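Hello,

Here is the structure I promised to pass on to you. Please have a look at it first, and then read my notes below.

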Amino acid sequence: MPTFAQFKYSMLLQRLRTLFSQSGTRSKKMVINIAASFIVKGWMGLVQLLLVPLTLACLNEYEYGIWMTISAVLLWIDSFDVGLGNGLRNKLAEFVARGDWEQARQAVSTTFIALCCLVLPLAMLLLVVLQHIDLYALLNVDVQRVPHLSLVVQMAVGLTCLTFVFKFIGNVYLGLQLPAVSNALVAAGHTMALAGMALAQWSGGLSFLGVGVLYTAAPLVVYLLAFPVTFMWLYPRLMPRMQSVRRGMLQQLFGMGVKFFVLQLAGIVLFATSNLILSRLCGPEAVSPYQVSFRYFSIATMLFGIVIAPIWSATTDACVRGDYPWIRKCLQRARMLLVGLAVLIALMAFVAPYVYPVWTLGKVAVSPALTALMAIYTLVIMYSLLYAHIIYGFGTLTVATTVTAIEAVLFVPVAIVLTKTMGVHGIVLALILMNVLCAVTNRIQVHRLLNGTAKGWWKQ
């Protein structure tokens, strides 16, 4: 006979399952997730802001610039799932909307096993390649100032590869239209890193190697803990298992996922190579002001992302049900938000000269021109993302994939020329020029999709 404690535990578990499984209306779920995401992302934004001075307390400006460059390169690994994560997000939203939980489990199982098969050879290949690369020459780093660079990179790559597999849990929650939970997992990783940095600072500080291990190990620990909670307690019918893996499902995930992968890869070329180009042409010190200004304005991007994150999977749900008026109404409200955030960005640019010295402990100087350019870049990115999330929900990615690939090809030569001419300001100007093209085509495609005039590659 169950004890009272066991009974209470069973009731609590049932309530959690009911809460997370409750479908509700699409708009209601969006409102709940947006409200929850404001809390979660608000905390995550605060954590990211606090991580900058804590990291700078352990590292000097030179080391901090190197770590930001390494972090950008790790994005290549973190996104190398051939689009399977985003393919899962769309397919899971589609299957759940139809009430087909068996195919939903097949999608989850196939994605997990495919990621496991990808990560082992990828990790081994990267570690072998790193043994034969002169990282000091590649990143323009002085070996006397950072003696353990190769070890730091190898440890970071190994831990990131493991995280690469288990972070698909976040895509599961996104497909279930629960972006707040996905955000909470990311926030928990940052919080663990912050706690580790604070504890290290209190006990005497961390070395460059220690910072690298802490930053990359914290997210892995969170996802490892989230795995049993998600698939054993909340969603046991989605538990990955070998007998649910389907070759046909892999083809479905790849069909859409490959396009997402091209988008991810092109985005990484734009963002990650910026740090490499700056480090190579201007030295690691130039990366620090670029990253500080980028992280400063990411506050506005984060606020915008809280609202538009649920739009992706909700648009997929609306498309399955043919509810296009809801998408138009959602787009109109998102535009109003964008206008308000433009005012916030202008205010942030105005007070930035007073914020930077306090925030970076006076170690990093950011010019007014860099602040202005980063503010413009932030607005362009948000405008583009507004329409991109609706396109992703429709699953019509051919135009976005093509345009983004063209941007990625053009970016490197344009960025090199402008950086040689204008320094760190040139790299931001190059980012603005490249992203304007995608912002324009995204807007055109969304209007054609909603008006029923999309034909040919605009509808693919």
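**Salt bridges and their surroundings**

The structure holds 3 salt bridges, where a salt bridge is a side-chain nitrogen of Lys or Arg within 4 Å of a carboxyl oxygen of Asp or Glu. Before going on, please note that this is a predicted model, in which local features need pLDDT of at least 70 and side-chain atom pairs count only at pLDDT 80 or more, while totals for chains, interfaces and linings use all residues. Residues are numbered from 1 along each chain as its sequence is written, and side-chain values use heavy atoms, with hydrogens and water left out.

The side chains of K91 and E94 meet in a salt bridge at 3.7 Å, N to O. These two are 3 residues apart in helix α4, so about one helical turn separates them. The side chains of E94 and R98 form another salt bridge, at 3.0 Å, N to O, and they sit 4 residues apart in α4, again about one turn of the helix. An α-helix has 3.6 residues a turn, so residues three or four places apart point the same way.

Is E94 buried or exposed? E94 is buried, because its relative accessible area is 17%, and buried means under 20%, exposed over 50% and partly exposed in between (1.4 Å probe, protein chains only). K91 is buried as well, whereas R98 is exposed, with a relative accessible area of 55%. Leaving aside residues up to four places away in sequence, E94 touches T316 and V320; such a contact means heavy atoms within 4.5 Å.

As for the helix itself, 13 of the 15 residues of α4 are buried, so it is largely enclosed by the rest of the structure. Just after α4, G99 takes a positive phi of about 75 degrees.

The remaining pair is R145 and E285, whose side chains meet in a salt bridge at 3.9 Å, N to O. R145 lies in the loop between α6 and α7 (149-166) and E285 in the loop between α11 (247-282) and α12 (287-321), so the pair ties together parts that are 140 residues apart in sequence. R145 is partly exposed at 42% relative accessibility, and E285 is partly exposed at 34%. Salt bridges that share partners, by contrast, join K91, E94 and R98 into one network.

Now for the chain as a whole. It has 16 helices and 0 strands, and 53% of its 460 residues count as buried. The largest nonpolar core has 138 residues, and W67, I70, L149, F168 and L238 have the most contacts inside it. Helix α14 (residues 368-394) gives the most to this core, with 15 residues. A nonpolar core here is a set of buried Ala, Val, Leu, Ile, Met, Phe, Trp, Tyr and Cys residues joined through side-chain atoms within 4.5 Å. Not counting residues up to four places away in sequence, F168 touches several residues, including L88, F112 and P240.

Best wishes
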